[in-house]
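Work through the exercises below with the model open beside you. Try each task before you read its solution.

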Amino acid sequence: MLDSSKIKLIVTDIDGTLFSHTQNKVPDSTVDAIRKLHEKGIMIALCSGRNKYLIGKSGVLNYVKPDAMITMNGATVYVGENVVHSYPIPPDVVNSLIKFSKRLKFGLTLIELNEGHINYIDDRVISAHEKYGTRFPQPRTFPDNYDRVVYQAICYCDALDESLFLPHIKGAKSARWDEYAVDIMPEGSDKSKGLLALLDYMHIKPENCLALGDGNNDVEVLQFAGIGVAMGNACQACKDAADFVTDDIDKDGWANALKKLGIIN
């Protein structure tokens, strides 16, 4: 039996969970649910693969005023404007990704704290960005030895190319979010590690947290939170990791989950 009576924090993915790319907005039912949560004193944290800049560009902050943000799949955590957790990708991993990007000829985005750059744009890059309504990062030619601090990488390749390079990059793991796009992060980092850092900062226990998500990069955070909720439109791995599967995002799934669990009326 799920115990939702002690929930103090709701942690939510953005794309496909909070923000509908069919409606191109946060559903009205979700906005209303968030208002009710804040009225009850329950906090909201965004938990995304995007960096803070791209979260702003998504338009989600026009609908939601979060108490905290877990960004870049847990690599950085913000409370207000303060960074309370930071876990960059080791430079040797970044340089290996650049090498394989050039060798296998796929686009690579390297995301820093406040900006990101891409080295190559092709149909795979265009396809992935069009699906999620995002713009391309600033193009840049990457040197073999990258000269900036990187917190997340995105490889625009299919699963075959991923299988060719990932085993050769020590200390890295992947989370695929599109047929042609896969996030690369340090082996010891994921959204759950970002949530752990946030909970430590806020002095909240995991059992006092509910997480919602829909993608492969949400699996760990759904398993870590006291209650994990997968959207009806979630991938199968996400549903398998969840305690509860709600309706599709476009069928009021976010709000319905909180209602069915008795967190809001």
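## Exercise 1: Cysteines

Task: count the disulfides, taking a disulfide as a pair of cysteine sulfur atoms within 2.5 Å.

Solution. By this rule the count is 0 disulfides. Check Cys157: the nearest cysteine sulfur belongs to Cys155 and is 5.3 Å away, and Cys157 is in no disulfide. Next, check Cys235: the nearest cysteine sulfur is that of Cys238, 5.0 Å away, and Cys235 is in no disulfide.

Buried means under 20% relative accessible area, exposed means over 50%, and partly exposed lies in between (1.4 Å probe, protein chains only). Cys157 has a relative accessible area of 0%, so it is buried. Cys235 has 23%, so it is partly exposed.

A note on the source: this is a predicted model, where local features need pLDDT of at least 70, side-chain atom pairs count only at pLDDT 80 or more, and totals for chains, interfaces and linings use all residues. Residues are numbered from 1 along each chain as its sequence is written, and side-chain values use heavy atoms, with hydrogens and water left out.

## Exercise 2: The whole chain

Task: describe the chain by its secondary structure, its dimensions and its contacts.

Solution. Start with the elements. Helices (H or I, at least four residues) and strands (E, at least two) are DSSP runs, numbered from the N terminus. The chain has 9 helices and 14 strands.

Then take the dimensions. The C-alpha trace spans about 55 × 35 × 30 Å along its principal axes. The radius of gyration is taken over C-alpha atoms, and the globule rule is 2.2 Å times the number of residues to the power 0.38. For 265 residues, a compact globule would have a value near 18 Å; the chain has 18 Å, which agrees. Of the 265 residues, 55% count as buried.

Finish with contacts, meaning heavy atoms within 4.5 Å. Among those between residues at least 6 apart in sequence, 58% join residues at least 24 apart.

## Exercise 3: Thr246

Task: describe the surroundings of Thr246.

Solution. Locate it first: Thr246 lies in the loop between β14 (244-245) and α9 (253-260). Thr246 has a relative accessible area of 5%, so it is buried. Its side chain reaches the backbone oxygen of Gly253 at 2.7 Å. Not counting residues up to four places away in sequence, Thr246 touches Val229, Ala230, Met231, Gly232, Gly253, Asn256 and Ala257.

Notes:
Polar contact = N/O pair within 3.5 Å; in protein donor to acceptor, adjacent residues only side chain to side chain.
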